[in-house]
Amino acid sequence: MTSRASAVLAIDLGTTGVKVAVIDDSGSVLAGAGEVLPLIFTDDGGVEQDAHGWWAAIGRCGRRAVAASGLQPADIGTVAVTSQYTSTVAVDAAGLPLANTVMWMDGRGRRHHRSVATAANRARWIELHGMAPSGNDDIGHVAVIRDLWPEVYAAAAAFLEPMDAIAARLTGHVTATQNTMFPMLSVDNRTWGSTEYSDELLAMSALDIDKLPRLVPMGQPRGTITSAAAEHLGISPLAVVADATIDSVTSAIGTGATDSSRCGLIIGTTTVMATHLPDKRHDLAHGLTSAPSPLSGSYFLVAENGVGGKALDVLVNNIIYPDDGLGEPAPPDAFERVLSVAATAPRGANGVMFLPWLIGSLAPSYHARTRAAFVNLGLGSNRADMARAVVEGVALNAAWLLPHFSALAGATYDEVGFGGGGAGSPLWGQCLADCFGIPVRRLADSSSTNARGAALVAMIADGRITLDESRAMLPSAEVHDPDPAAHAVYQRLLPQFIDFHDRAAPFYDALNS
């Protein structure tokens with residue numbers, strides 16, 4: 001039984017939705033609630049989201065989750081926040097949003113940011129921080145706000161990442177950490193635990209330090225919740241807001257990847273591979289870098305593999321059940337139906353291959369203009385083949401990444417922990433195992449992977465549990481062992497998958513320049 005004020009209300013703010021879960025001190029998910037969050041696409045390549053909409057949805061989901069948990073408001077002693085990142089919110093001194101969030105997939109930064117990364121200083125950026133500016137980062141997003149919304153730029157007290165914006169609304173304090181400011185490229189990450197911005201990086205970036213949040217130590221609480229925020233969430237005004245963090249950290253911890261010997265894979269809107277390292281490393285040629293983690297003395301290694309579950313969403317809602325007057329409305333169990341049909345197609349999808357680069361290819365080979373495709377369709381190809389091909393295409397993309405990820409981590413993995421919404425599918429778990437050639441441990445309560453990870457981070461930080469104990473709090477739904485015959489099929493397909501990516505790059509450059 002949950003003891004008084006020991007439960008955690010965990011907020012997981014993703015790209016296309018928010019989840020709030022109540023998690024007890026054994027790591028069990030007592031209840032959860034979620035809502036879809038719409039994206040706003042602009043004609044000039046922008047992608048935005050309403051940060052006030054986040055707050056309203058978080059309140060509704062929080063109240064529903066607490067009511068469904070069977071706990072009393074006083075039983076919630078901690079609020080933990082994790083979110084997607086490389087998205088930028090302009091806030092006032094009280095932490096209230098002044099405009100829409102510029103989202104991580106927004107393409108305008110490359111046109112508006114100052115050319116701060118040059119051939120001469122690029123190596124220095126990487127040495128100090130771990131990455132060099134690309135325009136598709138917080139420096140670029142701040143430039144978008146400065147040029148397109150000058151009145152917002154002038155009024156902004158700080159530019160925050162989403163998890164810091166939520167923490168500010170919860171506590172009334174505008175703060176950030178070395179972890180959450182990673183996309184601002186403004187902290188010297190050679191030293192873990194820094195609470196100062198780098199004068200050298202600020203000078204190179206032309207960022208105004210007066211518009212950056214105060215840095216506080218990683219792993220320490222952000223403060224006590226305000227009475228208004230407590231009422232909004234339906235919890236006690238005595239609750240403490242734990243340190244907020246990037247969702248790649250909670251992905252790693254929520255899949256048990258707390259050191260370099262363990263690998264976690266999350267399939268949500270995107271596919272992310274993550275682990276923890278004892279030091280700062282990078283392999284930017286393959287889209288790999290590490291950033292300071294709230295886990296003491298650790299850096300998290302993350303690889304953004306590209307679109308994951310969103311590929312299935314596009315198939316379901318844009319192709320099989322489109323709202324265009326030509327087909328039937330999507331039933332409530334549309335995803336379950338499509339995955340069930342996908343399972344009837346043989347491995348290899350009768351020759352149909354799906355290339356999952358709907359927003360360009362990311363790790364292990366970045367190409368912004370590449371796009372997705374179904375290839376090798378024949379007269380007999382059907383929707384079962386296409387559905388199976390989507391699952392396989394996402395899995396093949398992850399299999400392309402794994403050797404590069406493993407090499408930088410200096411580890412040979414004998415298992416991959418699999419979480420996120422995609423891990424609700426046994427077909428995806430088996431397909432990943434067959435593509436990797438190693439077992440895949442598919443987690444139970446997989447849609448709460450990041451929320452549970454956020455709760456575990458908070459419990460580790462306040463000394464309630466150890467890292468080893470956190471891994472024991474991750475129940476498995478199933479362990480998928482690779483089928484040798486299936487692995488042979490995917491070993492044959494993977495080189496063709498990679499070759500198509502590389503050979504098609506000039507074609508996509510011509511189409512999308």
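Me: In E3, which residue is the bridge partner of Ala21?
Reply: This is a predicted model, where local features need pLDDT of at least 70, side-chain atom pairs count only at pLDDT 80 or more, and totals for chains, interfaces and linings use all residues. Residues are numbered from 1 along each chain as its sequence is written, and side-chain values use heavy atoms, with hydrogens and water left out. E2 and strand E3 (residues 29-36) pair in the antiparallel sense over seven bridges; two strands pair if DSSP finds at least two bridges between them, and helices (H or I, at least four residues) and strands (E, at least two) are DSSP runs numbered from the N terminus. The partner of Ala21 in E3 is Gly32.

Me: Which residue in the turn between E2 and E3 has a positive phi?
Reply: E2 and E3 form a hairpin, with five residues between them. The turn residue with a positive phi, about 90°, is Gly27.

Me: How many residues lie between E1 and E2 in their hairpin?
Reply: Strand E2 covers residues 17-23 and pairs with E1 in the antiparallel sense over six bridges. Val8 has Ile23 as its bridge partner in E2. The number of residues between E1 and E2 in the hairpin is three.

Me: How many residues of strand E1 are buried?
Reply: Buried means under 20% relative accessible area, exposed over 50%, partly exposed in between (1.4 Å probe, protein chains only). Ala7, Leu9, Ile11 and Leu13 point one way, Val8, Ala10 and Asp12 the other, and all are buried. For E1 (residues 7-13), the count is seven of seven.

Me: How many residues does the largest nonpolar core have?
Reply: A nonpolar core is a set of buried Ala, Val, Leu, Ile, Met, Phe, Trp, Tyr and Cys residues joined through side-chain atoms within 4.5 Å. Ile11, Val18, Val79, Leu170, Ile225 and Ile235 have the most contacts inside the largest core. Ile225 touches, among others, Val79, Leu170 and Ile235, not counting residues up to four places away in sequence (contact: heavy atoms within 4.5 Å). The residue count of the largest core is 68.

Me: Why is helix H9 largely enclosed by the rest of the structure?
Reply: H9 spans residues 247-254. Asp247, Ser248 and Thr250 are among its buried residues. H9 is largely enclosed because its buried residues number eight of eight.

Me: At what angle do H12 and H16 pack?
Reply: Helix H12 (residues 383-409) and helix H16 (residues 484-512) have their axes 10 Å apart. Axes are lines fitted to C-alpha atoms, for helices over the stretch in contact, and angles run from 0 to 180 degrees between N-to-C directions. H12 is therefore roughly perpendicular to H16 (under 35 degrees is roughly parallel, over 145 roughly antiparallel, 65 to 115 roughly perpendicular, the rest oblique). The packing angle is about 80°.
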